[in-house]
Structure formats: structure tokens, C-alpha cells
Amino acid sequence: MWWGGRGQSFNIAPQKEEPEMGLSGPKSVQGTGMPEPRSRQLGSCLASGGLPGEQILAWAPGVRKGLEPEIPGTLICSNLRVTFQPRGWQRSQETPLSSEYDFSLANIGRLEAVNGPSRVQLLRPGSLLKFIPEEILIHGQDFRLLRVGFEAGGLEPQAFQVTMAIVQARAQNSPAQQYAGITLSKAGQSSDSRKPPIPLLETIEDWETERKKQAARGWRVSTVNERFDVATSLPRYFWVPNRTLDSEVRRAFGHFHQGRGPRLSWHHPGGSDLLRCGGFYTASDPNKEDIRAVESMLQAGHSDVVLVDTMDELPSLADVQLAHLRLRALCLPDSSVAEDKWLSALEGTRWLDYTRSCLRKASDISVLVTSRVRSVVLQERGDRDFNGLLSSLVQLLSAPEARTLLGFQSLVQREWVAAGHPFLTRLGGSGASEEAPVFLLFLDCVWQLLQQFPAEFEFSEFFLLALHDSVRVPDTLTFLRDTPWERGKQSGQFNNYTQVYTPGFPGAGNSINPQLSVWDWNLRYSNKQILQFCNPGYNPEHCPDSWLPRQQPSFMVPGPPSSVWLFSRGALTPLNQLCPWRDSPSLLAVSSRWLPRPAISSESLADQEWGLPSHWGACPLPPGLLLPGCLGPQIRLWRRCYLRGRPEVQMGLSAPTISGLQEELSHLQELLRKWTPRISPEDHSKKRNPNTILSQSR
């Protein structure tokens, strides 16, 4: 299957003759002196699915190995990607990028050349290949593996050339380079009338529509950042309390780190509000009016306010990066870890521990939001990493509409893309040292929820895999920039590199941005693959309409009058003040973590919130709220994602669909044929036909 490391979703018919080819590439690869590919030998490879500006650098016939059965074809290196073209497979114009066979240059994490059992060379950008390879291994940063063996018989120079072409193409490829752009005609759409599949939240109409969908009556869409002169990392529009003027918003945001002041993330149907903001800029000296504006925005019309220190009990960005590197090294096919020590080495990566910490904290915040009518404020110094992760998880735990396919995509667009998560920096595309795959950690958390509550989510594991892999595919701007301003500038919304928005420039105003987004799945996946984005075990009764009415439900009660709380280490602690500047000049020199640290509570937060002693057992939960288990065995390894480079462990991980079962059955019967050669061909062909077996079982 397309998402795993073993099967394929395309029917590759074996052919005895090489297909007629012909696609001209450059006369030579720069710096290698490689000759132009002779005759017409690449026409059927990329002619129908080439990208604008794409040039073939080198190619070589080969066999994709590591799979059962092995697939003959051609390995091609272009200035944008490395792709394997199976023999006889025609690339579709409607799907110019293949989710299975294409590796963007930015996605290549490790390149190895192999000659014999002992000669292995790790090729870095700028390396010189010391021998003619018998096969090469391309390890993707998304845990995929492309292993290609080269055919003998005078083709050794081509194997050398295509390997060196990949080395030099990686060296010349800019980390932030994207494909020259897939024309909208590839998808059979017109750029003049195209409507994005998911609202990109680039217009005031999109934000107003989303506000009405959440029934956030006490909030309005602010245009104070329309010219990106308040904060370039914030979207042009966001939600603020109705009674707060834009002039107050501008002044109040100046007292927060990077100008990221408090604004609404999500309005709970019961009346609570979930906000997010950056850390207090304690070196500033706000006047009384500014302090009142800040407090008014944090309270959001509620008497009960809980300030959550997001980073408390969560890993640092450096911790996340180190854990991901260790996980990737452990999951390589040639990992040096012994089989009997593999599980302990997995625990040593701390990746599962960090997933567990995020889920546990999100569960506690969900209880805060759903137990009483209050304002819950997520505060992180930069407000661009774990605030988005926790806010997204809280909505998935508390709102059934966020668990639908459309709702989840809208959630990611709002809480990650529009909110200014630095995708390019965190995924290593900017060359900076601040790498940390926080978004991939979030997807792992969502996968854990999908495993524990399989009937609650409309989307499937394969949709999460597609989203996981899309962060490494540079064909859209969704994950290629750090801020909404950079994304808008790249897509043509701005005339020059300034912080002033230019309304008269093409693409400005309220017109829809024609730039493609990651949600245009039909450009990378076939209709058959997209159909598998849906979870066959989803219970339609869990649709949003059957959840809660848009009034305050009986299980939610107002909090104590004028109460301010700190949530830290799993406990609520009352505070005397909400802002660090009020009546306390000494706090001006204190960091954003100025609040006191209480002791860890022995009772769960759910017990505290509902006022039930812990020995009474589990407290009743409000309808629609999911509280995941976070004990050791309940947090599992996402094997289908992280072990894709090890096909032998992918057995039993097929899709829970008829087509998935058929493919798994065919594979098992193929192995059985190899292991039991005494079975006659007639019996084998009769047994290996899945349609016959399925018809007999009915």
C-alpha cells in the first residue's frame, strides 16, 4: 500500500521490453561532466507528470528492493526530486506527484551507496563516490526508505552518474526551495474561480464565518494586524472581546513577547473560552489603562480565569529534537541495537514520554474548559509551539466536530498555519539551529487518540500519515514558511519586503489567494488513496449535531466570583493578581515564569474540578469529552509511520478495509508459495485468488 513500506497501490504489470522513452534533460550535470541521456529514454517517465521548471539530471535502470515482490523500473534524479518510475506505470496528469515513489530533495535525510556486503559509503552533499554502487539506499526524513539495486550488463556508469547527481542536487538545493509550482490546470481547475478545499483564513470573511460556526457571540474579528504592523507572526485577523477597541488591542499586545497578545482559540458550546498568548514582556512599563485592557482581554467577560503555564511539565524544544533524532536512528533498518534491547532503547529516546506528557496536560486543560464557565489562557513565551499543540488537542478531546475530516483540517489551518507556527525553522528548512518537530509530535498524539477512541474520529491513520509526509513535500507554501506574512509575501500578496500590507497589489483585499495548499490532496494522491482517508470504524452518531445544543449545558456552572487561578503541576492555585505589573514593581525584572510553583496534587484534576474526593472513584464526564489513558502500555509506537523503512515489521498493519485485506492476503499467499514449493501451480493460483476466497466465505 502507498502508506507502508511493503505493498503498493498501483498494479505494475511486468514487461519484457523496456518502454520507449524520451524526455530531454540538461546536457550535463553541473560539476560531474555527465553526458546527456542518450536516445529517447525518459519520455514515459516524467513527460506526463513533470513539474514546471523540472529538469532531468540523470537516470539509471534498476530494481526497487526490500519489497515483496521486487519492482523493476528506473531511478530518476531531477533538480527537484528523486523518483522511482516502476516499469509500465504511467504517471497521471491529475496526480503529478506520487506519494509512494517521489522523494523531494529536502526530504532526503541520509544517502548510502552499497557495493557488496561490506562496502557502504555514507554520501553527504559534496561527497565523492569512491566506487560504482550495486545499490543505493535513500532514507527519507519522514521514515520512508527507497532502496534501489542497479542492473548489471554495462550499466555501471549510469548507476555512478545517477548517484552523483543526487549528491550534487542535494548540495545545490536550497533548504527553503519549493517546487516551481504545480499549475492549477493539473487539477482541472481554473485559478480565477478556484475555491480552496479548506478555508485558509486569509480573509476577514473566513474568520467571521468560523466565529459564527463556534457561536462566539462575545467576540469579534479584529483588523488591527491587517498590515502586519502589530506582529508578522500573527495572522492578519484574529478574535478579540467585543468590548475591546482595536487601539487597546494594539497597546496591550505590545506588552507580550513578540507582540502575541491574548486572543481566542476556541469557544466551548457551554460558554467557556480557550485563549492563547505569549509570555508577559515584563521589561515593559504599562500604564493603568493598558493593564486594565490586558486583564479585560484575559478575562474575556468571565469572572473565573485560569492562567496555564504551557511549558510546565512539557519537554523543551531541544528535548523534542533530540528525541526525534534518536527515534529516527533507532528505526533505521541497519540499527545496531540488538533485538532484545530494542524496546528499552525505544524508551530511552523519550519520544513516547513526551507524547504522554502532552496528552496528560491536554486532558487536564480539557477538564478546566468543560467543568466550569471560565476563561482558560494558554501562555507560552513564544506562543508558537506548544500553545498550538495543546489548544489543538483540547479541541480534539472536547469537540466532536474537530474529529471530522473537514474539522481537523480546519483546526490545523487555524491553530498551526494561520497562528504562525515556524514550520520551516522547526523542520530544519531554514538552516537555523532551532529545529524541533513539534507538529510531528502533535500528529503522534492524535494517532494515540485514534487508537484509544477508534469510533470517535472520521479520519483514518492513513490521513495522518499523508499529513505527516506532506510537511516534507515542497509543493505548497503551507509548511514552507514560518509566518503568515512570509507565506503571503511568497504567494504574491506583497510588493516588497516590508511590514506594510499593500491592498492594491494583486491577490490583496478579500480575494481568495490562488496559491495551492496542502489540503489539495488530489495533486499528490489518487482517488483510491483519498478514499482511505476516511475511518471505516467511525460512528456517525458522534456527529456534532447530536452532541450539545448551543446553550450552556447543565453540567457547567460559573466559577467563583472574581477568581484568578494558576494551573501548574496538575494543581490549581489561587492568585492575587492576573498581570505581573500590577502593584508589584519588583516583578518587572522577573521572567515570564514569575508565578509560584505549587506542590503536585495527589488528586486528579477531574476530581478537584467536580469536587469529588479521589476515593469515590471516577467522576462523571460531560458528554463528548474524551480523556485518554496515559499509562505505560496505553502509549504505543506508531509503527506504520516510524518503521516504514523496515518492511519485515509491517506485517499485519494493513488497512481495515476489503482492499487492504485482499492485498495482505495476496502477500501472505505469495510468501506461502515461496516457502512451500511442493504445491502445484494450479493449486497455488486457485488459492491465491482473493476473490475466490471471499466468494466462498460468503
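A search of the whole structure, which is a predicted model, finds 25 aromatic pairs. Rings of Phe, Tyr and Trp (its six-membered ring) pair if their centres lie within 6.5 Å; planes under 30 degrees apart count as stacked, over 60 as edge-to-face and the rest as tilted. Local features need pLDDT of at least 70, side-chain atom pairs count only at pLDDT 80 or more, and totals for chains, interfaces and linings use all residues. Residues are numbered from 1 along each chain as its sequence is written, and side-chain values use heavy atoms, with hydrogens and water left out.

**Aromatic pairs**

- Phenylalanine 280 and tryptophan 581 form an edge-to-face pair, with 5.2 Å centre to centre and 80 degrees between the planes.
- Phenylalanine 280 lies in the loop between S12 and H5, and tryptophan 581 in the loop between strand S18 (571–574) and helix H16 (605–610), so the pair ties together parts that are 301 residues apart in sequence.
- Phenylalanine 280 counts as buried because its relative accessibility is 3%; buried means under 20% relative accessible area, exposed over 50%, and partly exposed in between (1.4 Å probe, protein chains only).
- Tryptophan 581, at 7% relative accessibility, also counts as buried.
- Tryptophan 521 and phenylalanine 533 form an edge-to-face pair, with 5.4 Å centre to centre and 80 degrees between the planes.
- Tryptophan 521 lies in the loop between helix H14 (484–490) and helix H15 (527–531), and phenylalanine 533 in the loop between H15 and strand S16 (557–558), so this pair ties together parts that are twelve residues apart in sequence.
- Tryptophan 521 counts as buried at 7% relative accessibility, and phenylalanine 533 counts as buried at 1%.

**Nonpolar cores**

- The largest nonpolar core has 85 residues, and those with the most contacts inside it include Leu389, Phe408 and Phe442. A nonpolar core is a set of buried Ala, Val, Leu, Ile, Met, Phe, Trp, Tyr and Cys residues joined through side-chain atoms within 4.5 Å.
- Helix H12 (residues 438–452) gives the most to this core, with eleven residues.
- This core draws at least three residues from each of domain 2 (204–315 + 350–495 + 516–546 + 560–574) and domain 3 (636–666); the domain bounds come from an automatic or database domain assignment.
- Not counting residues up to four places away in sequence, the residues that phenylalanine 408 touches include Leu396, Phe442, Phe459 and Leu467; contact means heavy atoms within 4.5 Å.
- A second, separate core of 37 residues includes Phe238, Val377, Val564 and Trp581.

- The twelve residues of helix H5 (residues 288–299) should span 16 Å at 1.5 Å a residue, and the end C-alpha atoms are 16 Å apart, which agrees. The expected span is 1.5 Å times one less than the number of residues.
- Among the buried residues of H5 are Asp290, Ile291, Glu295 and Leu298, and what covers the buried residues includes strand S10 (238–241) and helix H4 (246–253).
- Asparagine 287 caps the N-terminal end of H5, with a side-chain oxygen 3.2 Å from the backbone nitrogen of glutamate 289.
- Just after H5, alanine 300 takes a positive phi of about 55 degrees.
- Helix H8 (residues 351–371) has 21 residues and reaches 30 Å from its first C-alpha to its last, close to the 30 Å expected.
- H8 is mostly covered, as 19 of its 21 residues are buried.

**The whole chain**

- The chain has 20 helices and 18 strands; helices (H or I, at least four residues) and strands (E, at least two) are DSSP runs, numbered from the N terminus.
- Of the 698 residues of the chain, 57% count as buried.

Notes: Polar contact = N/O pair within 3.5 Å; in protein donor to acceptor, adjacent residues only side chain to side chain.
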